[in-house]
Amino acid sequence: MTGSGNNTYLLAGGNGSAALIDAGTGEPRHLADLDAALTKARARLDRVLVTHGHRDHVDGVPHLARAYPSASFFKRPWPGEDSQPVAWQPMGDGESVIAGDEPLTVLHTPGHSPDHVAFWHEPSGAIFAGDLVVLGSSVMIHSSRGGNLAQYLASLERLLALAPTRLLPAHGPIVPDPATLLKAYLDHRRLREQQVIAALRAGYSDVQRIAESIYDDLDPALMPAARENVRAHLDKLKSDGMVTDEAGWRLR
Ligand SMILES: [Zn+2]
């Protein structure tokens, strides 16, 4: 589910301080590349800023803590899920964190996961967007693990309102035209919601059947992901008061 792999971003200032956005997985080639980039920039790694607690973003934490014992680790708490052996520094919405010699504004952007944050570099309009967007794909909302579609849509709207110049995501290429992508994401989810409503209206009442009716000719390997997405829509419609899950899913 990570497409071409994970992006991490190293921000090194002229002051010799550097911050890494997302910790990766501890992959030896990544650690070697990071070390080479720090040497080239003549910077030391002072901070690791993590967008959220999914494994592809935090599994590298113990490796980084061993290699850079003076680095501090920042993340928004996710109670019950944060198990890495570091003393996390919590980040509140709207707080500033220093990366290199530049401030980044922490934006709490839940939905993909409850702890998700993005980092806004206001002077340039760039946003390090974590898993909020992936160019050429849609983003998983793991309803069964803290995902929440209504929150996710609100987070997309929040990014859109900031009129970012670029989005730098944790997977896939940099997004050069954020407004177009964010609006397309919002439209796509509205369309999916209409499809879920149509499936309920047609009498489908369980997640599997609804998913099969929406996702034609789906690779069976992707069916669990399709079910997660359908479930996310059903949960949103339920919280909107439009559906009930008593005796199967149905419209109110
Ligand atoms: Zn994720």
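The protein exposes about 11900 Å² of surface, of which carbon and sulfur atoms supply 51%. The model is a predicted one. Buried residues account for 48% of the 252 residues in the protein.

The fold contains seven helices and eleven strands. Along the principal axes, the C-alpha atoms occupy a box of roughly 65 × 35 × 30 Å. The radius of gyration is 20 Å, which agrees with the value near 18 Å that a compact globule of 252 residues would have. When contacts between residues at least 6 apart in sequence are considered, 60% of them join residues at least 24 apart.

Two aromatic pairs are present in the structure. In one of them, the ring centres of tyrosine 9 and phenylalanine 128 are 5.3 Å apart; the ring planes stand at 65 degrees, so the pair is classed as edge-to-face, for which the angle must be over 60 degrees. Tyrosine 9 belongs to strand S1 (residues 9-12) and phenylalanine 128 to strand S8 (residues 126-130), so the pair ties together parts that are 119 residues apart in sequence. Both tyrosine 9 and phenylalanine 128 are buried.

The rings of phenylalanine 73 and tryptophan 88 also form a pair, with centres 6.2 Å apart. Their planes lie at 85 degrees, so this pair too is edge-to-face. Phenylalanine 73 sits in strand S4 (residues 72-74), whereas tryptophan 88 sits in the loop between S4 and strand S5 (96-99); the two residues are 15 apart, and their pairing links distant parts of the chain. Phenylalanine 73 has a relative accessible area of 4% and is buried. Tryptophan 88, at 17% relative accessibility, falls under the 20% cut-off and therefore also counts as buried.

Helix H7 (residues 223-239) includes lysine 238, and asparagine 229 lies in helix H7 as well. Asparagine 229 is buried, its relative accessible area being 8%. With neighbours within four places in sequence set aside, the contacts of asparagine 229 are Val139, Met140, Ile141, Arg189 and Tyr215. Lysine 238 has 39% relative accessibility; this value lies between the limits of 20% and 50%, so lysine 238 counts as partly exposed. Residues up to four places away in sequence not being counted, lysine 238 touches Val243, Asp245 and Trp249. The C-alpha atom of lysine 238 is separated by 25 Å from that of aspartate 216, a residue 22 places away along the chain.

Backbone torsion angles were also examined. Most residues other than glycine have a negative phi. Aspartate 22 has a positive phi, near 70 degrees. This residue, aspartate 22, is located in the loop between strand S2 (17-21) and helix H1 (28-41). Aspartate 22 is buried, with 2% relative accessible area. A positive phi is likewise found at arginine 42, where the angle is near 50 degrees. Arginine 42 is placed in the loop between H1 and strand S3 (44-49). At 75% relative accessibility, arginine 42 is over the 50% limit and so counts as exposed.

Note on methods. Residues are numbered from 1 along each chain as its sequence is written. This is a predicted model: local features need pLDDT of at least 70, side-chain atom pairs count only at pLDDT 80 or more; totals for chains, interfaces and linings use all residues. Side-chain values use heavy atoms; hydrogens and water are left out. Helices (H or I, at least four residues) and strands (E, at least two) are DSSP runs, numbered from the N terminus. The radius of gyration is taken over C-alpha atoms; the globule rule is 2.2 Å times the number of residues to the power 0.38. Buried means under 20% relative accessible area, exposed over 50%, partly exposed in between (1.4 Å probe, protein chains only). Contact means heavy atoms within 4.5 Å. Accessible areas come from the Shrake-Rupley method with a 1.4 Å probe; for residues, only the protein chains shown count as cover. Rings of Phe, Tyr and Trp (its six-membered ring) pair if their centres lie within 6.5 Å; planes under 30 degrees apart count as stacked, over 60 as edge-to-face and the rest as tilted.
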